[in-house]
Amino acid sequence: MAEGRWRSVGSALLRVIVVWAVSTLTMLALAGLLPDFQLQSDDGDSITRTAITAAWGAGAFGLLTALVWPVVVRALLLVPALVLGLLVFFLNGSLLLIALWLIPDGRGAADPETAVVVAAVMSAVASTTSTALAVRDDNAYRRRLSRLAARRRRRRGEDEVREQSPGTVFLQLDGVGHEVLRRAADDGVMPTVAGWIGTTHRLTPWRTDWSSQTGASQLGILHGTNHDVPAFRWYEKDSGRVMVSNRPASAAELQRRAIERTGDGGLLTVDGASRGNLFSGGADQLALVLSMAARRGKANRSREGYFAYFSDPANAVRTAVSFIAEVAREIGQSTRARLRGDRPRVGRGGLYPFIRAFATVVERDVVVAAVIGDMLAGRTAVYADLVAYDEVAHHSGPHSRDASLVLERLDRSIALIAKAAEHAPRDYRIVLLSDHGQSPGITFERAYGLTLKDLVRAGCGLPVPRRADRSKSGAEARDAAGDALRSALHRPFADGADEHPERGSDPIVLASGNLALISFPDTAGRLSREQIERRHPALLRTLAAHPGIGFLLVRSERHGSLVLGPGGIEVPVTALDDDGPLAVYGPGAAEAVRRTDSYPHVADIMVNSMHDPDAGTVHAFEEQIGSHGGLGGEQSQPFLLSPLDLSAPVSDGQGLMGAERVHRVLRRWLRECEGPQVPLGPDGPGGPGQGLP
C-alpha cells in the first residue's frame with residue numbers, strides 16, 4: 001500500500017515536471033516569435049540565462065493559475081456567463097503579466113495584448129500535455145477519476161455511495177424531434193445514438209401538449225404538472241403582467257405554482273442535480289437553472305456551476321477559444337446562406353452570433369462538465385438540458401446542414417458522458433429525451449407581408465404600419481372591418497353588453513412559435529365570442545378566413561368553447577375529435593385543445609397557424625424558420641430513448657401523451673433503480689387522476 005502511494009506521488013511529480021518543461025519551451029518559442037514579448041535584459045543574455053528566465057516565468061504562471069484563478073472566478077460568480085467567458089482572456093493575460101513581474105532582474109516583459117495571446121497558448125499547451133500524460137495510462141486516469149469522486153463525496157459528507165443501486169442521468173436534447181433523431185442516427189450524424197437504438201436502448205415517440213415548448217414540457221416533466229401554461233408567452237389579466245417562460249421571475253413563479261399544485265418538490269427532490277434547465281425539479285445541486293437565477297445571496301446556488309467549470313483555467317481558455325470560433329462559424333454560415341439565396345431565411349445578425357455561441361459552447365461545456373462531476377460524485381438522479389440544436393434550428397432550419405453539425409457535436413458530448421460513467425462509483429443508466437421538436441416553414445410575415453399583430457389591428461379597425469396596410473392581407477382585413485362595422489350599425493346589441501369599450505383597449509398579441517394569444521386587457525376574465533364581435537365585428541371572421549391561420553379557439557356564451565376555421569367551420573370543443581377540423585394536426589390534437597381550453601389564463605382568442613401535412617410546414621408568428629409552440633408537424637413529436645433494462649414507457653399500441661405522463665414514466669424508472677422517493681399524495685403527484693399509469 002505504501003509502495004503504491006509512493007508510486008502515485010512519483011507519477012504526479014513526473015507529470016508536473018514534464019508540464020513545466022513543455023510550458024518553458026512554449027514560452028521560449030513565443031518569445032522568439034512575438035516581437036513584443038521578451039525574456040532577456042536589454043543587454044542580451046546567454047541561452048542558459050534565457051532558459052532559466054523562461055522556466056521561472058512558466059513556473060510562476062502555473063503556480064498563479066493553480067492558486068489565484070479559482071479565487072478570481074469565485075469572486076466573479078455574479079458576472080453573467082457571456083461576460084465571464086469574454087473576461088477569460090483578460091484574466092489569464094493579467095496572471096501572465098504578474099508572473100513576468102515576479103522574474104528576478106525584470107527580464108520578462110510583454111505588452112498587454114501580447115500577454116493575452118501568450119497566456120492563452122500556454123494554458124492550452126499545458127492542458128493538452130497534462131491530459132495526454134494522464135490518458136496514456138488507463139490506471140492513472142481511473143485513479144484520477146476515483147480521487148475526484150472521493151473528494152466530491154467528502155464534500156457532500158458521505159463516505160460511501162450505495163453501489164448496489166444504479167443512478168440515472170436524463171439528458172434532454174432540446175428541440176430534437178423524434179424523426180430528426182432517427183434520421184441523424186440512420187445517416188451516421190450521431191453514431192453514438194445509432195449504436196444505442198435497438199441494441200441497448202428503445203426509441204419511443206411521445207406527444208406534447210398544445211403548447212409544444214420547453215416551458216410547458218419541462219415543467220410537466222420535472223414537476224409533474226404544466227397546468228395553466230397555455231403558451232411560451234401569455235398575458236394574465238388578474239395580475240396585469242406578461243408571463244414569459246424563459247424569464248427568471250416567470251420561471252420561478254411557474255415552479256412555485258407547480259409545487260403548490262402537486263404537493264411535492266419535483267422529480268429530483270432527493271439526491272438530485274439539475275443542470276441547464278428552466279426549473280430545478282426540486283434538486284439541491286444546481287447549475288444554470290433559470291428559476292433559481294432571480295434569487296440573491298446563498299439561496300442562489302445556480303451559478304456555482306460556473307465556478308466548478310471555470311476554476312480550471314484550461315477549461316476557461318478552451319471554452320473561450322471555442323466561443324470565438326463558434327461566432328466566426330455562425331457569421332460564415334449565415335453569409336454563405338445569404339449568398340446562395342437560401343429560402344426560407346431569417347436575419348442572423350446583431351447579437352445572435354454571440355447568443356448562439358453561448359448556447360452551443362458555453363452552456364454545453366458547463367453542463368457536460370457538471371453532469372460528469374455529478375456521476376463521479378455518485379448522485380442518484382441528474383437531469384440536464386443541452387439547448388444547442390434548438391437555438392441553431394430556429395434560425396437555420398431543423399433539417400439544415402448547420403443544425404446537423406450541431407447534432408454531431410451533441411453526439412460527441414453524449415459519448416463523453418457515457419465514457420465518464422464507466423469511471424463513476426456506481427452504475428448509471430443514461431436516458432435521452434427531448435421536450436419538443438421543430439417544424440420548418442416560412443414565417444407568417446414573409447408569406448403574407450404583415451405580422452399577425454398587424455392583421456389583428458386591421459381586423460379591429462385600428463391603425464397599422466404603412467407596409468401592412470398596403471399588403472393584400474392587410475387591405476382585405478381593413479375592408480372586412482369596414483363592411484362589418486357598417487352592417488353592425490344597423491344591428492341592435494344584446495342587452496347588458498358594453499357597447500363602448502374604454503379607450504386604450506388595444507389588443508395584446510403574443511407569439512409563441514406558430515401559436516399566438518390575443519387578449520383584451522381592459523376587461524376582466526375571458527371575453528366571449530359575442531363580446532368580441534360586438535367590439536370588433538370583423539376580427540374573428542378575418543382571422544378564421546386567413547389562409548395562414550389554421551384555427552381559432554374562443555368561448556361562446558351560447559355554445560361553450562368553439563373551434564373556428566376556414567369556410568365558416570364552427571365545432572364545439574366538447575365535440576372535437578381527431579377526425580374533425582384538427583385532423584391535419586395529428587392524433588391527440590383535439591384533446592390537447594380541450595385541455596388548454598380549461599386553463600384559467602387561456603387567452604380571449606387562441607390562434608394556431610396553418611399546417612401543410614404533406615410538406616410538414618407551419619407559419620411561425622416570430623422570426624423563425626424552425627419553430628415550435630403550437631400544433632402542426634414534427635414540433636409535437638419529441639422522443640424518449642431509454643435503456644432496455646428499464647420498463648417500457650407505455651404498453652404496445654398505446655401512445656404517450658403529454659409531459660405529465662412523461663413525468664410519471666421517469667418517476668417509475670427512478671423507483672425501479674431505487675432512486676429518490678418523491679412524496680406522493682393519495683392520488684399521485686398531480687392530485688386526483690394524476691396517479692401512476
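Modeller: Thr443 counts as buried, because its relative accessibility is 1% (buried means under 20% relative accessible area, exposed over 50%, partly exposed in between, with a 1.4 Å probe and protein chains only). This is a predicted model, in which local features need pLDDT of at least 70 and side-chain atom pairs count only at pLDDT 80 or more, while totals for chains, interfaces and linings use all residues. Residues are numbered from 1 along each chain as its sequence is written, and side-chain values use heavy atoms, with hydrogens and water left out.

Thr443 is placed in the loop between strand E11 (439-440) and helix H16 (444-448); helices (H or I, at least four residues) and strands (E, at least two) are DSSP runs, numbered from the N terminus. A polar atom of the Thr443 side chain lies 3.1 Å from the backbone nitrogen of Arg446. Leaving aside residues up to four places away in sequence, Thr443 touches Val346, His619, Ala620, Glu622, Glu623 and Gln624, where contact means heavy atoms within 4.5 Å.

The charged pairs come next. A salt bridge is a side-chain nitrogen of Lys or Arg within 4 Å of a carboxyl oxygen of Asp or Glu, and by this rule the count comes to 30. One of them joins the side chains of Asp604 and Lys237, at 2.9 Å from N to O. This pair links distant parts of the chain, 367 residues apart: Asp604 is in the loop between helix H22 (589-597) and strand E17 (605-609), and Lys237 is in the loop between strand E5 (233-236) and strand E6 (241-244). Asp604 counts as buried because its relative accessibility is 1%, whereas Lys237, at 21%, counts as partly exposed.

Another salt bridge is formed by Glu326 and Arg329, whose closest N and O atoms are 2.2 Å apart. Both residues lie in helix H12 (residues 313-340), three residues apart, about one turn of the helix. Glu326 has a relative accessible area of 1% and is therefore buried; Arg329, at 32%, counts as partly exposed.

Glu533 and Arg529 also form a salt bridge, with 3.3 Å between the closest N and O atoms. They lie in helix H20 (residues 529-535), four residues apart, about one turn of the helix. Here Glu533 is partly exposed at 28% relative accessibility, and Arg529 is buried at 14%. Finally, salt bridges that share partners join Glu326, Arg329, Glu330, Arg348, Arg356, Asp402 and Arg409 into one network.

Methods. Polar contact = N/O pair within 3.5 Å; in protein donor to acceptor, adjacent residues only side chain to side chain.
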